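Visitor: Please take me through this structure, and tell me at each step what lies behind the words you use.

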Amino acid sequence: MILEMNNIRKSFGRLNVLRDISMSVDAGEVVSVIGPSGSGKSTLLRCATFLETVDSGSIRYMGTPAVTTDEYGNANYVSPAELRRIKQYYGLVFQQFNLFPHRTVLKNVTDAPIHVQKRDREEVRETAAELLRKMGLADKADAYPCQLSGGQQQRVAIARALAMKPEILFFDEPTSALDPELTGEVLKVIKQLAEEDMTMVIVTHEMPFARAVSDRVIFMDGGVIVEQGAPENVFGSPQQERTKQFLRGYER
């Protein structure tokens, strides 16, 4: 098991955003997280990647504890050094690409593996070149982000995450900043990764894509997991009334 989250709670002031959520992800599994705005989807992802701290619960990567809860119900994180090591297990692709504007595409992809992971420069450059070719961006290595379309920038962001050789890749609504024409090229790349058995958790509002690419779909609302299961079950014959309401809204 690559990721295990148990009894996660997260509040912002008096607003309970995550209410006792538990989920796990196995190697090679593609999990899509769907639900209305404000349901807690992105917060769950941010807690899983330590961009937000949880109030209580436990998080483990590859069996290694990152967060535990003490006898008083408070979350305790491992040391910063240990957390840095655990962060090597995952990659994260944001909605807004988050590329460094003053660095070329190649430097965006190679900087972290070279400087953070201390890997061999030539090996990293070869890996980056192969990833850019795979993303259809072999001719863009020397370009800057401002010279690329949104879809191209998002594909660079995916290559950058993959260059770190993560065990699991998280996507936080990877197409929400793109127009419909560019959305398809990014979804095609993610679908290709799924076919190669890349472990992924995808927060998405693209329902046909989630149905086609996922091994498991999680429907969230109000900070809880309302329903989860195989795509054909969640989309084809949902059991919960709230799930039915949500999906009817997408069918209209």
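Guide: A crossing of two helices counts as left-handed if the near helix is turned anticlockwise from the far one by less than a right angle, and as right-handed if clockwise. By that rule the crossing of α3 and α4 is right-handed. This is a predicted model, in which local features need pLDDT of at least 70 and side-chain atom pairs count only at pLDDT 80 or more, while totals for chains, interfaces and linings use all residues. Residues are numbered from 1 along each chain as its sequence is written, and side-chain values use heavy atoms, with hydrogens and water left out.

Visitor: Why are α3 and α4 called oblique to each other?

Guide: The axes of α3 (residues 105-115) and α4 (residues 121-134) come within 9 Å and cross at roughly 140 degrees. Axes are lines fitted to C-alpha atoms, for helices over the stretch in contact, and angles run from 0 to 180 degrees between N-to-C directions. Angles under 35 degrees count as roughly parallel, over 145 as roughly antiparallel, 65 to 115 as roughly perpendicular, and the rest as oblique. The pair α3 and α4 is therefore oblique.

Visitor: Which residues make the contact of α3 with α4?

Guide: With contact meaning heavy atoms within 4.5 Å, α3 contributes Val105, Leu106, Val109, Thr110, Pro113, Ile114 and His115, and α4 contributes Arg121, Val124, Arg125, Ala128 and Leu132. These residues divide into eight nonpolar, two polar and two charged, where Ala, Val, Leu, Ile, Met, Phe, Trp, Tyr, Cys and Pro count as nonpolar, Asp, Glu, Lys and Arg as charged, and the others, Gly among them, as polar.

Visitor: How do you know that β7 and β8 pair?

Guide: Two strands pair if DSSP finds at least two bridges between them, and four bridges join β7 to β8 (residues 168-172), the two running parallel. Within this pair, Val93 stands opposite Phe171 in β8. Strands here are DSSP runs of E with at least two residues, helices are runs of H or I with at least four, and both are numbered from the N terminus.

Visitor: What places β7 and β11 at the edges of their sheet?

Guide: The open sheet has six strands in the order β7-β8-β9-β3-β10-β11, with mixed pairing. β7 (90-93) and β11 (224-229) each have a single partner strand, so one side of each is left without a neighbour in the sheet.

Visitor: What is the pairing sense of β1 and β2?

Guide: β1 (residues 3-12) and β2 (residues 15-25) run antiparallel and are joined by seven bridges, with Lys10 opposite Leu18 in β2.
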